[in-house]
Amino acid sequence: MRFVFYSAAQPMPEAMAAQLLSLMREAFPPAERRTEDEFRQLFTHPNVQILCARQDERLQGFLLLWVLDGFVFVENFAVQSDLRGQGLGSDLLRVLTGHFGLPVILEVEPPEDDLTRRRVAFYERNGYHLNACEYYLPCLSDEIERSVQLQIMSAPEPLSEAACRAAIDVLYRSVYEGKPIRK
């Protein structure tokens with residue numbers, strides 16, 4: 001298996017991009033993903049990098065990353081369904097941390113059912129901390145009527161309330177610029 005970073009400077013091959021978009025549709029509900037056109041635009045954004053785990057020409061998993069001022073934000077993280085539970089997600093997080101050496105922030109659904117509690121526990125096992133500040137994912141398309149309430153996780157340290165609010169402000173200005181929040 002190889003871990004490869006793609007960016008505007010090192011473009012992702014079209015076959016890999018098609019697999020990534022397919023995995024996005026499988027792994028994320030419409031309220032939590034951008035349109036295909038927007039994703040393709042992100043592939044050339046100067047602050048976006050995509051860490052892919054691949055075996056030969058098959059995409060096994062990926063992290064869509066924003067390298068921002070002082071931290072890295074994980075907008076999307078997915079592993080092929082037949083490979084989940086085999087350590088690949090933890091491997092991707094280790095590669096991410098080792099590559100940038102910056103704090104990492106990501107979004108999760110509140111741990112309210114078995115699936116979301118397991119997801120939060122996965123991140124906690126990998127050194128992430130659940131932060132208590134309120135956060136709403138902006139509406140990523142016009143068809144989305146309400147923003148999804150999520151929580152912020154961070155590594156290697158938990159965030160103070162002020163640091164969490166500051167990070168959320170950066171996300172709203174840089175990552176989700178122009179996207180409305182509808183509570």
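Reader: Why is tyrosine 123 called buried?

Author: Its relative accessible area is 7%. Buried means under 20%, exposed over 50% and partly exposed in between, with a 1.4 Å probe and protein chains only. Tyrosine 123 is therefore buried. This is a predicted model, where local features need pLDDT of at least 70, side-chain atom pairs count only at pLDDT 80 or more, and totals for chains, interfaces and linings use all residues. Residues are numbered from 1 along each chain as its sequence is written, and side-chain values use heavy atoms, without hydrogens and water.

Reader: What makes phenylalanine 77 and tyrosine 123 a tilted pair?

Author: Rings of Phe, Tyr and Trp (its six-membered ring) pair if their centres lie within 6.5 Å; planes under 30 degrees apart are stacked, over 60 edge-to-face, the rest tilted. Here the centres are 6.1 Å apart and the planes stand at 55°. So the pair counts as tilted.

Reader: Why does the pair tie together parts apart in sequence?

Author: Phenylalanine 77 lies in strand S4 (residues 71-79) and tyrosine 123 in helix H4 (residues 114-125), so the parts tied are 46 residues apart in sequence. Helices (H or I, at least four residues) and strands (E, at least two) are DSSP runs, numbered from the N terminus.

Reader: What makes phenylalanine 122 and tyrosine 123 edge-to-face?

Author: Their planes are 65° apart, with 5.1 Å centre to centre. That angle is over 60, so edge-to-face applies. Phe77, Phe122, Tyr123 and Tyr128 form one aromatic cluster.
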